[in-house]
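Then follow the stops below.

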Amino acid sequence: MTQTRAALRPTVLTALLAALLSVLLAPAPASAASLQEVTGFGSNPGALKMYRYVPDGLPAGRPVVVALHGCTQNAAGYASGTGWTTLADRWGFSVVLPQQQSGNNLSQCFNWFDPADIRRGQGEAASVAQMVDRQLADVSGDPSRVYVTGLSAGGGMTAVMMAAYPEKFAAGGVVAGLPYGCAQAAGTAYVCMFVGATQTPAQWGDRVRAARPGYTGPWPALTVFQGTADYTVRPANMTALVDQWTNVHGADRTADVADTVAGYPHRVYRDPAGNAVVETYSLTGMGHGQPVDPGSGDAQCGAAGAYFLDVNLCAAYRLGKVWQLG
């Protein structure tokens, strides 16, 4: 019996070593997609940084979402906090995440109020447009299904992109943001934010049309999320956005749908052809931030935190559904 055990020892040791080596030498499992910085995406006149999220194995011909962070935020935090990267994995689309630099704005705000950054072919607006072109080329994305969204200053820049580059975007989602062209002089940005500017719908619409002279459409559709207790960007700005974009689309200001979603007032405005062109969510009691609904349910997404407010409604999910991303 002793001889038998001794004879077996080398065989057992050899098997154990072989098993260990097979584990050590086995190829590493494919890693999940991660946020990547992209350099050299164009002349970048606005001196922004470009980040993107591309799910592993994403096929050609898929949509692209541009997501613009708010003040004091960055691309990575906005990507995860909003839930956009989770939805990208689930539904199959890529996300472009522009990032502001402190050299442009000490508070990391996109300069939605600066004439040098909100005109076609100039500044930050041109930089974001170049990011879209680079992303479409790199992932063979669908140019007819590019969308833009953002929070606060990022929401203001969302309206900028819809106005200055309407041919690039099928739709936009403004979260606690402002109408295009609201700030017309130094210091008026604060009037827009804290009070709300007074213009007629036609005057608001003219500011958009002036951003892309001669453009005959189609214009991007708009969805707006606004907290009723937001004292940083007042709810008057949602009213102005409705006035502005219903005018651009030739729609009236009487909602064609008036219901509730997750308990919140929801309105849809249709153009004369019956297309939904403006949609609003008025989030009762919500302050300044991105609506999220953390959890594993089908309609849940995002993570609660500073300026990511758990109100049992995830803005990214709602936008994804209206944009038919999934």
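**Stop one: helix H5.** Select residues 153–164, helix H5. This is a predicted model. Buried means under 20% relative accessible area. Is H5 enclosed or open? Of its 12 residues, 12 are buried, so the rest of the structure largely encloses the helix. Click along H5 and you pass buried residues including Ala-153, Gly-154, Gly-155 and Gly-156. Met-157, Thr-158 and Val-160 are also among the buried residues of H5.

Now check the length of H5. At 1.5 Å a residue, its 12 residues should span 16 Å. The end C-alpha atoms of H5 are 16 Å apart, which agrees.

**Stop two: H4 against H5.** At what angle do H4 and H5 pack?

Show the side chains where they touch. H4 brings Glu-124, Ala-125, Val-128 and Ala-129 to the contact. H5 brings Met-157, Val-160 and Met-161. By class, the contact has six nonpolar residues, no polar ones and one charged.

**Stop three: Glu-167.** Next, select Glu-167, in the loop between H5 and strand E6. Side chains of opposite charge can pair when their charged atoms come close. Which residues pair with Glu-167? One is Arg-120, with the closest N and O atoms 3.0 Å apart in a salt bridge. Arg-120 sits in the loop between strand E4 and H4, 47 residues from Glu-167.

Arg-212 also forms a salt bridge with Glu-167, the closest N and O atoms being 3.3 Å apart. Arg-212 lies in the loop between helix H7 and strand E7, so this pair ties together parts that are 45 residues apart in sequence.

Switch to a surface view. Glu-167 is partly exposed, at 33% relative accessibility. Arg-120 is partly exposed too, at 34%.

**Stop four: helix H7.** Select residues 201–211, helix H7. Show Asp-206 and Arg-209, whose side chains meet in a salt bridge of 2.9 Å, N to O. Both residues lie in H7, three residues apart, about one turn of the helix. Asp-206 is partly exposed, with a relative accessible area of 44%. Arg-209 also counts as partly exposed, at 30%.

**Last stop: a network.** Select Arg-52, Arg-134 and Asp-138 together. Salt bridges link these three residues in a network. How many salt bridges are counted in this model? The count comes to seven.

Definitions and conventions: Residues are numbered from 1 along each chain as its sequence is written. This is a predicted model: local features need pLDDT of at least 70, side-chain atom pairs count only at pLDDT 80 or more; totals for chains, interfaces and linings use all residues. Side-chain values use heavy atoms; hydrogens and water are left out. Helices (H or I, at least four residues) and strands (E, at least two) are DSSP runs, numbered from the N terminus. The expected span of a helix is 1.5 Å times one less than its number of residues. Buried means under 20% relative accessible area, exposed over 50%, partly exposed in between (1.4 Å probe, protein chains only). Contact means heavy atoms within 4.5 Å. Ala, Val, Leu, Ile, Met, Phe, Trp, Tyr, Cys and Pro count as nonpolar, Asp, Glu, Lys and Arg as charged, and the others, Gly among them, as polar. A salt bridge is a side-chain nitrogen of Lys or Arg within 4 Å of a carboxyl oxygen of Asp or Glu.
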